[in-house]
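This briefing concerns a ligand and the pocket around it. Please consult the sequence and the structure shown below.

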Amino acid sequence: MKKTILTYGTFDMFHIGHLKLLQRLSAIGDELIVAVSTDEFNKLKNKTTLIPYEQRAEIVENIKCVDRVIKEESWEQKIADIQKYNVDIFAIGDDWKGEFDFLKEYCEVVYLERTKDISTTKLKKSLTNFLSIPKEDILNAFTIIEALKRDFE
Ligand code: C2G
């Protein structure tokens, strides 16, 4: 019997943590459906994204192990999605542990361990730190590196 898996996420600045989750999800079933949060819904989640919905959805859609992408527009749509797509397993990262146990009435619910040491929030912080370094300092650093390189040649 074909097993359908359903998950939800923002997938902003797509990174290895997102990929590993989708690969593990597709390995526990036959069809993987991913609901990507719209920009409007992310506002409701108090999340600002760098990458607009259309691009995030297209990236996820082109991940080999993903079979279908749908829109996530509200917190309430999960039960209807599970019934509409005959979902066998609802799965998500364990940062949501217990939050979706109420779906056990409709299908199996699985929480998968997150990939450590990578997150969109962390990437944004590193970017901000990098961009906050005064240009002069970066240029000085390059000058020093070039001088060192010459010394080593
Ligand atoms: N994830 C992971 N490892 C990481 C980072 C993220 O496994 N290092 C998983 C999350 O646990 C989640 C998925 O990747 O299952 C997408 O993460 P987000 O884009 O942060 O999703 P989120 O905004 O939490 O959306 O209705 C549920 C929400 O839409 C979930």
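A polar side-chain atom of Lys47 is placed 2.5 Å from an oxygen atom of the ligand, a polar contact being a pair of N or O atoms within 3.5 Å. The model is predicted, with pLDDT of at least 70 needed for local features and 80 or more for side-chain atom pairs, whereas totals for chains, interfaces and linings use all residues. Residues are numbered from 1 along each chain as its sequence is written, and side-chain values use heavy atoms, without hydrogens and water.

**Contacts and cover**

- Trp96 also places a polar side-chain atom by an oxygen atom of the ligand, at 2.9 Å.
- At Ile118 a polar backbone atom lies 2.6 Å from a nitrogen atom of the ligand.
- On its own the ligand has 640 Å² of accessible area, of which the protein covers 95% (Shrake-Rupley method, 1.4 Å probe).

**Shell around the ligand**

- The shell holds 21 residues, and Lys47, Glu72, Asp95, Thr115 and Ile118 come nearest (a residue counts if one of its heavy atoms lies within 4 Å).
- Two or more residues each come from β1 (4–9), α1 (16–27) and β4 (89–93), where helices (H or I, at least four residues) and strands (E, at least two) are DSSP runs numbered from the N terminus.
- The largest share, three residues, is given by α1.

**Largest pocket**

- The ligand sits in the largest pocket, in that more than half of its atoms lie within 2 Å of the grid points.
- A pocket is an open set of points on a 1 Å grid over the protein atoms alone, where a 1.4 Å probe fits, with protein on both sides within 12 Å along at least five of seven lines; lining residues have an atom within 4 Å of a point.

Key: Polar contact = N/O pair within 3.5 Å; in protein donor to acceptor, adjacent residues only side chain to side chain.
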